[in-house]
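Please open the structure in your viewer and keep the sequence beside it, so that each selection can be followed in both.

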Amino acid sequence: MTEKLLLKKYGNRRLYDTEKSSYVSLNHVAELIKQGRQVQVMDAKSNEDVTAFILTQIILEQARNKHILLPVPLLHLIIRYGENELSEFFENHLQQTIRNYLMYKRSADEQFKKWLEMGMDLSVAAQKSITELSPFKSLFELFAESTEPKDKDKP
């Protein structure tokens, strides 16, 4: 993985990409993160790390645009118990739970894809074996004719 991208946050709420020497939007930062980049956001004036604030702001923007991430009851719990009781849970357990879920999902998706490919291979094998049975077709037709009931009117 590449090193963290350093962004500077200025008082006018603008984010400055130090790598590309240009201002970026919250949507751009979200896209970078979706592509696997890690970001660190420093306040340009105080040199304080404001990464968590900016990432929370991105999540809130997505929720405002109807891309709701967290269910309302969970949001109530977060507000009610706040930083004290939940910070350890979020730092230690939730992060690992999400990683485990993503790893399991990726593994299940790969297995399902293999099953689909195997099913396609089996259907091709079945068609091939049926066509290979065609030399016996005449034998099967002969057997079918001998078992059909004969009409009394026909010679």
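This is a predicted model: local features need pLDDT of at least 70, side-chain atom pairs count only at pLDDT 80 or more; totals for chains, interfaces and linings use all residues.

Residues are numbered from 1 along each chain as its sequence is written, and side-chain values use heavy atoms, with hydrogens and water left out.

Begin with a cartoon of the protein, which has four helices and four strands (DSSP runs, H or I of at least four residues for helices and E of at least two for strands, numbered from the N terminus). From the N terminus on, the order is β-β-β-α-β-α-α-α.

Next, select Leu55, Thr56, Ile59, Leu69 and Ile98, which lie nearest the centre of the largest pocket, among the 37 residues that line it. A pocket here is an open set of points on a 1 Å grid over the protein atoms alone, where a 1.4 Å probe fits, with protein on both sides within 12 Å along at least five of seven lines, and lining residues have an atom within 4 Å of a point. Colour helix H1 (26–34), strand S4 (39–43), helix H2 (51–64) and H3, the elements that each give two or more residues to this lining; the largest share, 15 residues, comes from H3.

Finally, move to Leu116, which is found in helix H3 (residues 72–132). Leu116 is partly exposed, because its relative accessible area is 46%, and partly exposed covers what lies between buried (under 20%) and exposed (over 50%), with a 1.4 Å probe and protein chains only.
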